[in-house]
Amino acid sequence: MSIANNLQNIKTSLPPHVTLVAVSKTKPVADLMEAYNAGQRTFGENKIQEMAEKWEQMPKDAEWHMIGHVQTNKVKYMAPFVSLVHGVDSLKLLKEINKQAKKNNRVINCLLQMHIAEEETKFGMDEKELEELLASEEFAQMENIKVKGLMGMATFTDNEQQIAKEFTQLKAIFDNLKNYPVPNSEISVLSMGMSGDYKIAIECGSTMVRIGSSIFGMR
Ligand SMILES: *Cc1c(COP(=O)(O)O)cnc(C)c1O
């Protein structure tokens, strides 16, 4: 199957309220262009330098989502162009994004990453850390970021019930967030679901799926 075919199959299976982020990490620009020519405009990368190189080479109406863990000292390389940062999991990182966004005269959209998986290795905050961040005076002062919602990754397992349980938990936190006033925010995006679990994620309320290998093939 070609990239264009894979893309078409996935797109027809997604409900209209779900945005597809084509995760193109490690793939050459030629592959991204194949997706672009099939109509895809939103790409996800997990390394800032690789994303910046691809941004330079690709048509300028492509949108770039940073989906991986962000190192504070690299924020400056994506600040001029990134359209959504999925993996924000600390006030310190948010401060740096705000600072670099200001330098570029932009407002950068962010998702706060929540830890919902069993594995210790996955990044993200718990609910208490989320509440502390959102209630902090420093956060209220940030004029160059906009929090658009939450992102999370389920445990890597075949146990679909466990995956559904974790996504449902994240959806509940998301709904709760929509119900109380958060400064610098416009809560509408729930980023959950990858190639192996996006169908479950959508059933659990995802509005944005990040799909790589089912489009571009194995990495
Ligand atoms: C790589 C990656 C994906 C895509 O994974 P696939 O299994 O290839 O669909 C989604 N989200 C994050 C955070 C990733 O790092």
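1. First, a term: on a 1 Å grid over the protein atoms alone, a pocket is an open set of points where a 1.4 Å probe fits, with protein on both sides within 12 Å along at least five of seven lines. A molecule sits in a pocket if more than half of its atoms lie within 2 Å of the pocket's grid points. By that test, the ligand here sits in the largest pocket.

2. A word on what you're looking at. This is a predicted model, where local features need pLDDT of at least 70 and side-chain atom pairs count only at pLDDT 80 or more, while totals for chains, interfaces and linings use all residues. Residues are numbered from 1 along each chain as its sequence is written, and side-chain values use heavy atoms, with hydrogens and water left out.

3. Which residues are around the ligand? They are Val23, Lys25, Ile67, Met151, Met153, Met194, Ser195, Arg210, Ile211, Gly212, Ser213 and Arg219 (a residue is near a molecule if one of its heavy atoms lies within 4 Å of it). Sorted by class, this shell has 6 nonpolar, 3 polar and 3 charged residues. For that sorting, Ala, Val, Leu, Ile, Met, Phe, Trp, Tyr, Cys and Pro count as nonpolar, Asp, Glu, Lys and Arg as charged, and the others, Gly among them, as polar.

4. Some of the shell comes from strands. Strand 6 (145–153) and strand 8 (208–211) each supply at least two of the residues around the ligand. Strands here are DSSP runs of E with at least two residues, helices are runs of H or I with at least four, and both are numbered from the N terminus.

5. A ligand oxygen is 2.5 Å from an N or O atom in the side chain of Ser195. With Arg219, the distance from a ligand oxygen to a side-chain N or O atom is 2.8 Å. The protein covers 89% of the 390 Å² of accessible area that the ligand has on its own (areas come from the Shrake-Rupley method with a 1.4 Å probe; for residues, only the protein chains shown count as cover).

6. Is Thr155 buried or exposed? Thr155 counts as buried because its relative accessibility is 8% (buried means under 20% relative accessible area, exposed over 50%, partly exposed in between, with a 1.4 Å probe and protein chains only). Thr155 belongs to the loop between strand 6 and helix 8. Its side chain reaches the backbone nitrogen of Glu118 at 2.8 Å and also joins the side chain of Glu166 in a polar contact of 2.6 Å.

7. Two asparagines for anyone checking backbone angles. Asn105, in the loop between helix 5 (91–103) and strand 5 (108–115), has a phi near 60°, a positive value in a residue other than glycine. Its relative accessibility is 72%, so Asn105 counts as exposed. Asn184 also has a positive phi, near 50°, and is found in the loop between helix 8 (160–178) and strand 7 (185–191). Asn184 counts as partly exposed, at 21% relative accessibility.

8. Pro183 is found in the loop between helix 8 and strand 7. With a relative accessible area of 30%, Pro183 is partly exposed. How many residues apart along the chain are Pro183 and Thr157? The answer is 26, and their C-alpha atoms are separated by 36 Å.

9. Last, two glutamates in helices. Glu53 is in helix 3 (residues 48–57) and is partly exposed at 48% relative accessibility; its C-alpha is separated by 21 Å from that of Asn109, 56 residues apart along the chain. Glu160 lies in helix 8 and is exposed, with a relative accessible area of 56%. Between the C-alpha atoms of Glu160 and Val209, 49 residues apart along the chain, the separation is 17 Å.

Note on methods
Polar contact = N/O pair within 3.5 Å; in protein donor to acceptor, adjacent residues only side chain to side chain. 1 Å grid on protein atoms, 1.4 Å probe; cavity = no way out; pocket = protein on both sides within 12 Å on 5 of 7 lines; lining within 4 Å.
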